[in-house]
Each structure stands twice: as structure tokens, then as C-alpha cells.
Amino acid sequence: MIVMSVVTALVLLALVTQAGVVAVQRAFPPQGRMIEVDGAVLHVVDIGPHEAGLPIVMLHGASSNLEVMRRPLGDLLAKNHRVILVDRPGHGWSTRARRQDSTPQVQARMIDEALQKLGIERAVFVVHSWSGALGARIALDHPARVAGLVMLAPVTHPWRGGVGRYNEIIATPVIGPLLAYTITLPLGYFVTESGARNVFLPQVMPDGFVQDSATPLLLRPREFVANAYDLVTLKESVAAQVARYGEIKAPVTIIAGEPDKTVKTEIHARPFAALVPNAKLIVLPDLGHMVQNAVPDLVKAEIETMIGNIVPAQAVAD
């Protein structure tokens with residue numbers, strides 16, 4: 001009887017999850033175009049004037065999608081610049097063929113291929129959190145594509161501890177997918193709001209952020225599992241690339257907050273700035289993890305300053 005009750009409960013939860021997936025996807029449909037690359041189909045939103053010169057590519061962190069970079073920063077930049085927002089492989093409306101394609105190295109290759117298909121030869125990359133490691137990897141493996149790199153609260157180095165026991169369980173074969181396809185979505189509806197608020201501290205989360213950022217898409221099983229793989233494999237990935245950071249030639253601006261409890265500045269931003277030859281580090285007091293929401297005007301100004309310095313330098317080189 002106990003076994004039958006457990007099986008029945010799991011079946012009911014699986015049905016609730018599938019109904020939830022349908023509802024979430026109807027509420028947050030794709031906003032851009034799909035670009036097929038080796039091992040993935042990437043969802044890309046291309047906004048702003050195409051003739052505006054050097055484009056800006058924006059890459060989101062873990063547990064999110066391109067809407068986190070679009071509002072307010074991407075929309076602000078798109079008034080005067082071409083802005084290309086990408087759902088990382090497995091996130092938002094992007095897919096990936098293998099869950100194990102979770103490393104910055106693999107995702108850098110996929111994004112580089114997508115930009116090639118878009119006809120983007122060079123761009124300024126704006127990266128947040130998890131994508132700090134990704135932006136660094138793109139600059140290392142595809143340097144011709146990177147005119148400049150702006151990093152917001154970036155992950156760049158190994159850290160003590162893990163990434164949360166639940167992520168480790170979700171990334172475990174069999175049991176992880178079982179949980180993802182049964183309890184994660186129903187449970188997630190109750191904890192998403194509070195989890196998002198914690199990431200913003202000490203800032204206050206904007207009203208409507210969870211809906212505006214399409215955060216409920218994360219609760220879909222395939223994305224939740226992909227996100228867990230991204231997180232549990234990240235430490236090993238950054239450990240493998242730290243020794244190469246001195247090879248980055250593009251100009252780099254890093255903006256981080258001292259009280260950021262999600263990605264600690266003293267572990268990541270400061271050591272990274274010390275290793276990269278052309279790095280500018282801005283550390284702000286009382287700034288949490290969501291830099292693009294807390295100080296969008298500052299970030300915009302730094303991006304535009306970088307573009308202004310790159311264009312004359314390129315003209316001299318030509």
C-alpha cells in the first residue's frame with residue numbers, strides 16, 4: 001500500500017508538473033529567433049539599431065534567462081546600440097542536446113557559432129555572474145570575437161564549498177530527473193519569490209521582477225536539470241582556466257559590490273582584475289549581486305566609455 005501510494009503521488013505530481021510547464025510556456029513565449037548550432041538551438045533577441053556600430057552581446061547567469069539582462073539594462077542600451085541577448089544553452093528558450101554540455105568552454109563555442117551565423121564579427125560582451133566564467137572563456141578561446149568585456153559580479157575563480165545540496169541532487173542521474181519532473185515545479189512556485197529577493201540584497205527586488213524576468217521558466221524540468229549541471233560543474237571549469245587569464249588582451253571592466261553574498265568579490269572580481277592586463281575594477285559599497293538592476297546607468301556609461309575607446313583604437317590600427 002505504501003509503494004502504491006508513493007507511485008500514485010509521483011504520477012500526480014508529474015501530471016501537475018506537465019500542466020505547469022504548458023502554463024509557464026504560454027505565459028512566457030519566445031521573443032526572438034532560433035539559431036541552430038552544433039549541439040544546441042539558441043534563442044536570440046536582437047534589438048536596437050543595427051547600423052549603430054559595435055554591437056553589444058549580453059549573457060545572463062545561472063537560474064535565469066535573457067530577460068534578466070534585457071530589463072532594464074538591455075533596453076536602455078538598445079536606444080543607441082545594437083544589443084544581442086542570448087538565452088544560454090539549456091536556459092530560457094534555448095535547448096542543448098546534452099545536459100553535460102554545461103561548461104563555459106562548450107557554451108563559448110556554441111555562442112561564438114551563433115554570432116558567426118548572425119554576421120557579428122566583433123562585439124562588446126556584457127556578462128553577469130555565472131557568465132563571468134563564460135565571458136572569460138570566450139575571450140580566451142575566441143579572442144577575435146571580443147572587442148571588450150564588461151563583467152557584472154562575475155564568477156571567475158574556484159571557491160570553498162559547493163553550490164547547494166539540491167543542485168547536486170538534481171544533477172545526479174535517475175534521482176535528479178525524477179525530482180525535477182515531479183516536485184520541483186510545484187515546490188518552486190512557493191519559493192521563487194523569496195529566492196529572488198535574497199539575490200538582490202542589500203537592494204530591494206523591483207516589484208514584478210519574477211514575472212518581468214520570466215523566472216518561472218526555470219522551473220521547467222529540462223531547464224532546472226540543465227541549470228544544476230551548469231552549477232555543479234562550474235568550480236572545476238574555472239579552476240582549469242584561471243592560469244590562462246593573463247592571456248586576455250581585450251579591455252575588461254569589472255563592476256562588483258563588496259557585500260555581494262552570492263558571488264564574493266574578494267574571491268572572484270579582485271583576483272581576476274589582478275591577473276588580466278587591461279582590466280578596470282569598480283567595487284561599489286552597498287551593492288549586491290544584481291548589478292544590472294541596481295546601477296544600470298553606471299553600467300551603461302562604462303560600456304559606452306569602453307566602446308568609445310575601442311573605436312578610435314581600431315581606426316588607428318586600420
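Reader: Why is V174 called exposed?

Author: V174 has a relative accessibility of 69%. Exposed means over 50% relative accessible area, partly exposed is in between, and buried is under 20% (1.4 Å probe, protein chains only). The value for V174 is 69%, so it counts as exposed. A word on the background: this is a predicted model, where local features need pLDDT of at least 70 and side-chain atom pairs count only at pLDDT 80 or more, while totals for chains, interfaces and linings use all residues. Residues are numbered from 1 along each chain as its sequence is written, and side-chain values use heavy atoms, with hydrogens and water left out.

Reader: What makes the phi of V174 worth a look?

Author: Its phi is near 70°, a positive value in a residue other than glycine. Most residues other than glycine have a negative phi. V174 sits in the loop between α5 (165–170) and α6 (175–180). Helices here are DSSP runs of H or I with at least four residues, strands are runs of E with at least two, and both are numbered from the N terminus.

Reader: And why is S63 called partly exposed?

Author: S63 has 32% relative accessibility, so it counts as partly exposed. Its phi is positive too, near 55°, and S63 belongs to the loop between β3 (56–59) and α2.

Reader: What makes α2 largely enclosed by the rest of the structure?

Author: Count its buried residues: 8 of the 11 in α2 are buried, so the helix is largely enclosed. Among them are V68, M69, L73 and L76.

Reader: How do you know that the protein chain is as compact as a globular protein of its length?

Author: The chain has 13 helices and 9 strands. Its radius of gyration is 19 Å, close to the 20 Å that the globule rule gives for 318 residues, so the chain is as compact as a globular protein of that length. The radius is taken over C-alpha atoms, and the rule is 2.2 Å times the number of residues to the power 0.38. Buried residues make up 53% of the 318 residues.

Reader: What makes a group of residues a nonpolar core?

Author: A nonpolar core is a set of buried Ala, Val, Leu, Ile, Met, Phe, Trp, Tyr and Cys residues joined through side-chain atoms within 4.5 Å. The largest one here has 46 residues, and L42, L59, F125, I248 and F272 touch the most other members. Helix α3 (residues 104–118) gives the largest share of this core, 7 residues. A second, separate core of 27 residues includes L73, M306, I307 and I310.

Reader: Why is L118 called buried?

Author: L118 has a relative accessible area of 13%, so it is buried. This residue lies in helix α3.

Reader: What is L118 in contact with, leaving aside neighbours within four places in sequence?

Author: Contact means heavy atoms within 4.5 Å. By that test, L118 is in contact with R33, I35, V44, R82 and I84.
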